Amino acid sequence: MAEPSNGKPIVPILNQRTLPKFLESARVEKTVNRNSTRLKLFSGTANPALSKEIAWYMGLELGKINIKRFADGEIYVQLQESVRGCDVFLLQPTCPPVNENLMELEIMIDACRRASAKNITAVVPYFGYARADRKTQGRESIAAKLVANIITEAGANRVLACDIHSGQAIGYFDIPVDHVYCEHVILDYLASKRICSNDLVVVSPDVGGVARARAFAKKLSDAPLAIVDKRRYGHNVAEVMNLIGDVKDKVAVMVDDMIDTAGTIAKGAALLHQEGAREVYACCTHAVFSPPAIERLSNGLFQEVIVTNTIPVAEKNYFPQLTVLSVANLLGETIWRVHDDCSVSSIFQ
């Protein structure tokens, strides 16, 4: 078991390639070829730890690749093994520093295309710029669409992404997109805590996340739903207004796709405590953790902050309430299924 500096474990444990419960019944050994020599995994520099876990689960070695920065900041990529005719998966979240990691992904795709790879799949556990998915004011850019175009034009044939901020962003791509839902990893962990279902209430930290929270609540013992109504006066600035729903004497589970500065979720948690919530859990897939997120999350408002490792959490950002769940098993299984033209959606059924 991996142990961060504060002693909190990273779960689920990659033990004998054990699958989370939701994957055990979904795996179809007979229909999936686990010994393909045409499948190649390459990792960028954004999240090498996750890439190693994925490769370990799949029983493969990461491909040899040379990535370096020149003195002026330009990125150099060279594949150090043949990928001609291969099904190549490039593991690279576009997390902070977003522009650096995005450019590195584009150059990796270009290198594979020029090396005659048969198929190139960009595995992007965290899709940066996903929040810029529409125009809210005049003369704004829609950066999510621009990034989708860039990845496509670089030469990717497919994208595999986790919990994109809004579903419509999938439509910005002109190539197939496999959208992986990491909520199942979080649900599996919450189920292990054996919280009485009658005590649970799932809370959406804003109106925009109601659909996500409702789907989460349905899978979590069909728990009731509450909504924090807030108004945002500027980017990364949130103002909580009121609460819709009952949380008195309940265990509140706040659900969002990401935590950036933690302003929204921290103010929401404070409101839940004011309304009588017994405990508050924060759950999200992407731990962006821009300052002052750590201060807000570790100030005693939360019983536990549950995130996944789609974005690497720096050791300095660990705090006692933090639990990091691994999505390596889920991504590894998805990659196998994409490679073997098997159903991906059946994993979650």
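Good morning. In what follows, helices and strands are runs assigned by DSSP, a helix having at least four residues and a strand at least two, and they are numbered from the N terminus. On that basis, the protein chain has nine helices and 15 strands. Please keep in mind that this is a predicted model.

Let me begin with the chain as a whole. It has 349 residues, and buried residues make up 54% of them. If we take the contacts with a separation of 6 or more, 66% are accounted for by residues 24 or more positions apart.

I turn now to the sheet. Strands of a sheet pair through backbone hydrogen bonds, and the pairing is either parallel or antiparallel. Here, five strands form an open sheet in the order β2-β5-β6-β7-β8, and the pairing is parallel. Which strands form the edges? They are β2 and β8, each of which pairs on one side only. From one strand to the next, the twist averages 20°. As a detail within this sheet, β6, residues 119–124, pairs with β7 in the parallel sense over four bridges.

Helix α9 lies across β2, β5, β6, β7 and β8, and runs at about 160° to β7. Helix α2 lies across β2 and β5, and runs at about 160° to β2.

Let us stay with α2, which spans residues 48–58. Its buried residues are L50, S51, I54, A55, Y57 and M58. Why do they lie on the same side of α2? The reason is that they cover an arc of only 160° around the axis. What do the buried residues of α2 pack against? They pack against β2, β5 and α9. Just after the helix comes G59, with a positive phi of about 75°.

Next, a pair of helices. Two packed helices are described by the angle between their axes and the distance between the axes. For α3, residues 98–114, and α4, residues 143–154, the angle is about 25° and the axes are 8 Å apart. Angles under 35 degrees count as roughly parallel, and α3 and α4 are therefore roughly parallel to each other. On the α3 side, the contact is made by L102, L105, E106, I109, D110 and R113, which meet V147, I150, I151 and A154 in α4. These contact residues divide into seven nonpolar, no polar and three charged.

How are they divided between the two faces? E304, I306 and T308 are on one side, V305 and V307 are on the other, and both faces are covered. β13 runs parallel to β14 and is joined to it by three bridges, with C283 standing opposite I306. β15, residues 322–325, pairs with β14 in the parallel sense over four bridges, and T308 stands opposite L325.

For an antiparallel example, look at β3, residues 65–69, and β4, residues 75–79, which pair over five bridges. R69 has I75 as its bridge partner in β4. Five residues stand between the strands of this hairpin, and G73 takes a positive phi near 95° there.

Finally, some backbone details in the loops. A cis peptide bond joins P96 and P97, with omega about -5°, and P97 is placed in the loop between β5 and α3. Another cis peptide bond joins P291 and P292, with omega about 5°; P292 is found in the loop between β13 and α8.

Two residues other than glycine also have a positive phi, D163 near 40° and R194 near 55°. D163 lies in the loop between β7 and β8, while R194 lies in the loop between α5 and β9. Are these residues buried or exposed? D163 is buried, with a relative accessible area of 12%, whereas R194 counts as exposed, at 76% relative accessibility.

Thank you for your attention.

Definitions and conventions. Residues are numbered from 1 along each chain as its sequence is written. This is a predicted model: local features need pLDDT of at least 70, side-chain atom pairs count only at pLDDT 80 or more; totals for chains, interfaces and linings use all residues. Side-chain values use heavy atoms; hydrogens and water are left out. Axes are lines fitted to C-alpha atoms, for helices over the stretch in contact, and angles run from 0 to 180 degrees between N-to-C directions. Angles under 35 degrees count as roughly parallel, over 145 as roughly antiparallel, 65 to 115 as roughly perpendicular and the rest as oblique. Contact means heavy atoms within 4.5 Å. Ala, Val, Leu, Ile, Met, Phe, Trp, Tyr, Cys and Pro count as nonpolar, Asp, Glu, Lys and Arg as charged, and the others, Gly among them, as polar. Buried means under 20% relative accessible area, exposed over 50%, partly exposed in between (1.4 Å probe, protein chains only). The arc is that of the directions from the helix axis to the C-beta atoms. Two strands pair if DSSP finds at least two bridges between them.
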